[in-house]
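Biologist: I've got this one open on my screen and I'd like a close look at a single part of it. Could you pick one residue and walk me through its surroundings, starting from the overall picture?

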Amino acid sequence: KGNRVIPLTDTMMQKLLVHRARQLFEKQRLGRAYSDNGYVFANEFGGLIEPNYLRKVYMRILGDAKVPFHHFHTIRHTFATRAIENDMPVKVVSEILGHSSVQLTMDLYCHPSISAKRNVLEKMENL
């Protein structure tokens, strides 16, 4: 399920349009030195962004924000957990993540927070 359609919110679309405008400016500025490979996110010359570069940027962002180290993949776990905690249907989360089954999403990516557990227990207390 590597290729899938993920709808964008208006905010996401606006941010991507701003990014695209910057990218087109760089393309014009660099002229023939820019190789347009059609990437949404490219290096300054239009090429593939190397994973080591992304790792360095990620580490700098964590450091600047004074956030303890977490593997980049943790973002996926957090997204899935928070989406389900906020009542996004598990099937939708599973498809966004590109999983072959809802069970895979539930087993690997859903980690209820202590507050989510507390909320459920408080609801049960009122039965």
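This is a predicted model: local features need pLDDT of at least 70, side-chain atom pairs count only at pLDDT 80 or more; totals for chains, interfaces and linings use all residues.

Modeller: Let's start with the overall build: the protein has a radius of gyration of 19 Å, whereas a compact globule of 127 residues would come in near 14 Å. Along its principal axes, the C-alpha trace spans about 70 × 35 × 25 Å. What you're looking at is helical, with 6 helices and 0 strands, so from the N terminus on the elements simply read α-α-α-α-α-α. Buried residues account for 17% of the 127 residues. The protein exposes about 10300 Å², and carbon and sulfur atoms supply 61% of that area. If you care about charge, there are 18 positive and 12 negative ones, and their mean positions lie 6 Å apart.

You'll find Ser 94 in helix 4, which covers residues 90–97. Is Ser 94 buried or exposed? Its relative accessibility is 1%, and buried means under 20%, so Ser 94 counts as buried. As for what surrounds it, set aside the neighbours within four places in sequence, and Ser 94 is in contact with His 99, Ser 101, Val 102 and Thr 105. Looking back along the chain instead, Thr 74 is 20 residues away from Ser 94, and their C-alpha atoms are separated by 16 Å. For the protein as a whole, take the contacts between residues at least 6 apart in sequence: 31% of those join residues at least 24 apart.

Note on methods: Residues are numbered from 1 along each chain as its sequence is written. Side-chain values use heavy atoms; hydrogens and water are left out. Helices (H or I, at least four residues) and strands (E, at least two) are DSSP runs, numbered from the N terminus. The radius of gyration is taken over C-alpha atoms; the globule rule is 2.2 Å times the number of residues to the power 0.38. Buried means under 20% relative accessible area, exposed over 50%, partly exposed in between (1.4 Å probe, protein chains only). Contact means heavy atoms within 4.5 Å. Accessible areas come from the Shrake-Rupley method with a 1.4 Å probe; for residues, only the protein chains shown count as cover. Lys and Arg count as positive and Asp and Glu as negative; His and the chain ends are not counted. The place of a charge is taken as NZ of Lys, CZ of Arg, CG of Asp or CD of Glu.
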